[in-house]
Amino acid sequence: MSGAAAIHPIKRNLPGPGEAGIAKALYTLLRALAFATLLLAFLPFFNPARITELISKNLSFFTAGTSYASLITDSGRALLRGWVTEGAYKLLYAGSILGVLGILLVIFSACLSLGNLRFKRLSNLVLLLGGLLLLGGLVLVLVSRQQFLGFAEQDRVKPMFPQAFYAYAVLALVFVGMALALQFILLPKPAPGTPFEMQTKYRLFLMFLPFAALAFIFAYLPLFGWRYAFFDYKPGGTLNASNYAGFKWFTYLFTQAATRADILRVMKNTLAMSGLGILTSWVPMALAIMLSEFKSKRFSRTIQTLITIPNFISWVLVYAVALAMFSTDGFVNGFLSVLGVTSSQNYLMGSEGIWLKMLAWGMWKGMGWSAIIYVASISSIDPQLYEAATVDGAGRFQKVRYITVPSLLPTYSVLLLLSIASILSNGMEQYYVFRNAQNAASIEVLDLYVYTLGIENGIIPLSTVVGMMKTAISLVLLFVANNVSRLVRGESIV
Amino acid sequence: MNKTKQKHSYTQRESLGGQAFNVFNALFFLVFALSCIFPFYYLFINTISDNTLVQKGLINFYPVGVNFKNYLSLRDVSDVGTAFTVSIARTVLGTALMVIASSFVGYLVTKKEMWKRTFWYRFLIITMYFNAGLIPGYLNMVMLGLTNNFLAYLIPGIVAPFNIILVKTYIESIPAELEESALIDGAGYLTIFTRIIWPLSVPILATIAIFGAVGHWNSFTDSLIFMQSSPKLYTLQHRLYIYLNTNTNLGALLGGGSVDSATAAQIMENTLNAKVIKYTISMVTIIPILLVYPFMTRYFQKGIMLGAVKG
């Protein structure tokens with residue numbers, strides 16, 4: 001019996017003829033709706049639990065149901081003054097938790113529905129439970145709303161009714177209805193003893209799904225934040241029709257004299273420091289060749305180990321090292337005073353030569369590690385080439401010139417293309433830690449500018465615009481670099 | 001055309017030029033290597049020497065009056081202990097989560113049977129090449145309630161596309177017969193993963209674990225951006241930065257000359273104490289890296305060679 005079942009696993013999935021089409025369509029709809037509901041739960045302006053204007057406009061239903069601290073974040077004063085009670089918020093929180101749990105169950109049921117009939121019937125039950133939980137959560141939200149309506153200071157509590165509530169209520173009812181229809185009308189009972197089975201491709205996909213979700217939440221969802229570029233948004237504010245600004249912030253970049261000057265200065269710093277990096281990009285290759293020239297491999301390896309250390313410490317620690325060496329009471333001044341020269345210069349303060357200093361620190365930190373990449377390439381060069389060259393009478397330098405360098409050039413060209421593609425991305429950490437009052441103007445690169453503008457000064461829309469421009473230009477550069485690589489080397493780099 | 005002539009002269013100079021090069025080469029790398037370790041040595045001898053001598057800047061090449069009380073007194077420096085705990089916790093937990101996820105996902109994406117495998121693999125990998133930007137990323141974390149929340153250190157790092165590529169490439173090099181025979185014996189994918197794939201991938205998992213741990217330990221910007229109103233959740237790097245910077249500010253204040261002498265003396269004393277404190281915190285921050293460093297060097301080559309292989 002089980003043998004026959006194993007041979008025809010698909011057949012058991014199918015309910016009776018006619019019903020199959022409807023059930024199949026319903027499951028497809030369920031998966032789409034479940035995904036849509038999950039997305040909605042992340043949207044701040046679509047929060048059914050925002051029943052009072054005291055609750056932050058930027059709170060999503062998901063956050064309302066996972067973080068009580070976020071839920072009451074803007075209501076501290078109201079709670080302190082007794083305009084509202086903690087109980088009402090706790091009730092609201094409980095409702096949100098139930099709602100979010102319900103949504104997660106709906107997602108779970110959509111996953112289960114990929115299995116055989118046995119799985120599908122379990123999926124229906126989970127869907128029913130999820131829909132009911134969501135409904136229950138919404139009812140709790142309503143009860144909490146009644147409490148908010150009952151508080152004395154109505155003009156301070158400002159109760160409201162979020163439109164999203166209707167959407168969620170409809171969705172919950174649809175889920176319950178679908179579960180009932182599928183379970184009791186559309187799907188037949190599975191034969192007794194039917195095991196839970198799912199096609200391999202879906203099982204593997206479901207194991208993968210949580211990680212895809214994480215990637216979606218942390219890499220794709222932020223793209224949705226680009227909408228801030230089109231609004232006059234202030235931290236804690238909201239996005240709506242009244243503060244829609246169109247392309248104001250995009251033109252602002254070019255029309256505002258002060259901003260334009262800032263952008264020009266920052267671009268100059270960025271291109272200068274990236275340019276210096278690109279101009280010195282051959283150095284690791286040279287170092288690797290020099291390292292490979294040591295007769296003693298043990299000496300070479302020891303040196304490699306030592307010069308790679310700085311790559312593994314953070315920029316904060318590089319800054320600590322810089323302070324210990326070059327600040328007023330650091331090693332250099334201490335050593336000079338031992339020699340009899342009184343000196344208390346702080347070599348880190350001034351802005352003169354800051355680009356070169358940053359290049360030097362970058363090289364100190366990264367050169368050893370970058371060289372090891374080429375050392376690995378050199379060790380994979382066919383030794384027969386060198387032997388043949390020796391037979392032909394080539395000297396040491398000629399072997400480097402005609403064998404080693406040409407063998408390393410492909411690696412070098414890939415790294416060079418990649419560094420050109422990321423010419424705008426210097427990162428902010430190095431420049432942030434070395435920044436001080438005197439060098440701030442000439443050390444500020446694009447990434448640091450975005451940080452200063454957006455996080456330190458709270459000018460969200462403008463900094464978003466700058467970030468968007470950067471992403472767009474970087475993508476174009478990467479695309480160009482990739483095509484150049486395809487043309488020249490015949491293979492792509494990404 | 002006169003290549004032979006050139007070669008001739010070249011060969012003649014080689015012994016002399018070559019020797020000169022050898023000397024220069026050895027000297028150059030000795031200086032370079034020294035510049036890479038001396039600062040750490042300097043920091044270390046200053047933390048174990050007599051503090052009054054340190055304050056006068058007299059400890060330059062060797063320690064005097066060796067003692068370890070600075071390390072013990074660090075217990076009284078506020079917040080360093082907390083920051084140390086936070087950094088250790090995020091390094092251990094964050095690395096463990098990342099390694100488990102990378103190995104599992106790396107295994108899954110080698111399975112051709114997976115529904116729309118190519119699409120989903122690209123869905124993950126493409127995230128290496130675009131970035132919504134700092135501000136949208138920050139607003140996203142705010143929206144998720146992950147600011148001022150320890151989980152902000154752990155969850156975003158779980159899916160690491162580059163490490164997934166490394167593990168996938170490595171698993172693809174494991175003979176498929178091992179897995180097939182297990183499948184025939186009735187093992188499920190999870191069993192195969194835990195019993196066969198995981199033990200065989202230890203070298204690559206060790207590599208990504210070490211690099212991941214160093215990344216977590218060194219992480220500074222996420223603490224800076226996401227923990228703005230939770231000083232208790234600052235990482236050790238962030239705490240160190242604050243201490244380093246406090247010192248700078250005190251120095252700037254002194255240079256301004258706008259304070260009376262008593263205050264200046266007090267600030268002076270604080271500054272100098274801060275010197276020892278900041279050196280000691282720096283050492284505490286470096287030591288874990290230097291401790292795992294010998295183990296790391298074993299995996300250098302492997303990590304790099306694999307990094308050169310595309311997904």
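**Figure 1. Accessible surface of chain A in the predicted model.** The accessible surface of chain A comes to about 22,400 Å², as given by the Shrake-Rupley method with a 1.4 Å probe, where for residues only the protein chains shown count as cover. Carbon and sulfur atoms account for 68% of this surface. This is a predicted model, in which local features need pLDDT of at least 70 and side-chain atom pairs count only at pLDDT 80 or more, whereas totals for chains, interfaces and linings use all residues; side-chain values use heavy atoms, and hydrogens and water are left out. Residues are numbered from 1 along each chain as its sequence is written, and chains are lettered from A and ligands numbered from 1 in the order in which they are written.

**Figure 2. Salt bridge between A:D262 and A:R265.** The closest N and O atoms of this pair are 3.2 Å apart (a salt bridge is a side-chain nitrogen of Lys or Arg within 4 Å of a carboxyl oxygen of Asp or Glu). Both residues lie in helix 13 (residues 257-279) of chain A, 3 residues apart; helices are DSSP runs of H or I with at least four residues, numbered from the N terminus. A:D262 is partly exposed at 28% relative accessibility (buried means under 20% relative accessible area, exposed over 50%, partly exposed in between, with a 1.4 Å probe and protein chains only). A:R265 is also partly exposed, at 24%.

**Figure 3. Salt bridge between B:E179 and B:K111.** The closest N and O atoms are 2.9 Å apart. B:E179 belongs to helix 9 (residues 176-184) of chain B, and B:K111 to the loop between helix 4 and helix 5 (117-125), 68 residues apart. Both B:E179 and B:K111 are buried.

Notes:
Helices (H or I, at least four residues) and strands (E, at least two) are DSSP runs, numbered from the N terminus.
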